[in-house]
Amino acid sequence: MTTATPSSEPNIVIVGGGHAAAALCAALANAGQGHRIHLVCAESVLPYQRPPLSKAFLKSLDEAHQPHRADSWYVEAGIRVHRADPAQAIDREQRTVSLQSGTSLHFDQMVIATGTRARRLAAIPEGLGNVALLRSSADAEQLRSQLQAGRKLSVLGGGFIGLEVAMTALGLGLQVEVLEAAPRLLARSISPEVAEHVLRHHEAAGLVVRVGVRVDDFRIEANHLAALSVDGNPQPVDLMLMGIGAEPETALAEAAGLAVDNGILVDAHMTTSDPAIFAVGDCARFPEAKSGQRLRLESVQNATDQARCAAASLLGKPQVYSALPWFWSEQGSLRLQMAGLMPEGGVRVRRPGASEASFSIFHYLDGKLACVESVNAPMDHMMSRKLLEAGKSPSAEQVSDPAVALKTLL
């Protein structure tokens, strides 16, 4: 076993190789603290941009994944990177992290940024040659090699990842069918009005979408999924993407005795139930600043902003996490952007855009602006974020009138 002993300055061990880990490394390095960091990555590559994996990366075999920073940057910052060497256990009493290689890293402070894992169906065993998941660059490389024109891709799940891959595959010349159990697409993420527009747009482009379906009774032959049952009818499978959501990667935290409940529980400073350990990104469940309700958000914005918040705590300058959530999804020629958190109920107001394919939905709860969804309307999205960040609530009459520029309402 190799042991990294305590140094003259406190060690910070960051476990994870996604957006949150990359942003945390950058924030600490910018403060001159890179030499204190051990970055533990389960993958063999440095942290990289993940949104392109469902889009541009799939379109060309020549497309490479995009690292956040070059290897030389980590070297110059003094950050020690442990690649393809996942953390196996945390000893909170001894303040050590054991890695798969046998290395034991001492920490004075630690940040868990392990993200999520793809949700699977128990009836479908791992390793089937024609069943794909999409969480990592390795997953994307395997899927990309199978996306050949003329093949049929069945996408199980009508969420963001499923629809992004579906529209990418459609553009590559595949026949694509989306199977969604809920009565509409993106039921947990967007309003009925936007969901209906997404459905019409994708169907017009040639995507086959079936909602409210029951998928079960999977038939396995050799190393392939040969067929599945859709509403009781057998359907052959050529290639299938399982896009049924993600689960927080909390096993390491649970085994260490940290508080976990649909994510690693943290306070407003990203501190876990152990004051020396923090958690950020998709795996963290935090108190939302306005409502106090605990949330777990899966977004690049949330991962990046939480990393900055944790960096402030690590540097002895704690601040409350209060960043406005915002999201985006590119599905073919459709660009969805959301600012704020969509409330249950409330009043929805439509703002027309420059064309029928461009509009925004403003959500009001108790008379206050809570969320804005924009479809192919990037300027609306940008101004809406500023309105929400400033706590402004223009009237429904104002936002529904496209002649009223949103910037004048700030």
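**View 1. Strands β15 and β16 pair in the antiparallel sense.** This close-up comes from a predicted model. Strand β15 covers residues 224-230. Its pairing with β16 runs over 4 bridges.

**View 2. An open sheet of 3 strands has the order β14-β15-β16.** The pairing is antiparallel. Strands β14 (215-221) and β16 (233-236) stand at the edges. Each edge strand has a single partner, so one side of each is left without a neighbour in the sheet. On average, neighbouring strands of this sheet are turned by 30° against each other, direction ignored.

**View 3. Helices α1 and α8 cross at roughly 40°.** Helix α1 spans residues 19-30, and helix α8 spans residues 300-314. Their axes come within 8 Å. An angle under 35 degrees would count as roughly parallel, and 65 to 115 as roughly perpendicular. The two helices are therefore oblique to each other. The crossing of α1 and α8 is right-handed.

**View 4. Residues of α1 and α8 make the helix contact.** From α1 come H19, A20, A23, L24, A27 and L28. From α8 come V300, A303, T304, A307, A310, A311 and L314. How do the residues of this contact divide into nonpolar, polar and charged? There are 11 nonpolar and 2 polar residues in the contact of α1 with α8, and no charged ones.

How values were computed:
Residues are numbered from 1 along each chain as its sequence is written. This is a predicted model: local features need pLDDT of at least 70, side-chain atom pairs count only at pLDDT 80 or more; totals for chains, interfaces and linings use all residues. Side-chain values use heavy atoms; hydrogens and water are left out. Two strands pair if DSSP finds at least two bridges between them. Axes are lines fitted to C-alpha atoms, for helices over the stretch in contact, and angles run from 0 to 180 degrees between N-to-C directions. Angles under 35 degrees count as roughly parallel, over 145 as roughly antiparallel, 65 to 115 as roughly perpendicular and the rest as oblique. A crossing is left-handed if the near helix is turned anticlockwise from the far one by less than a right angle, and right-handed if clockwise. Contact means heavy atoms within 4.5 Å. Ala, Val, Leu, Ile, Met, Phe, Trp, Tyr, Cys and Pro count as nonpolar, Asp, Glu, Lys and Arg as charged, and the others, Gly among them, as polar.
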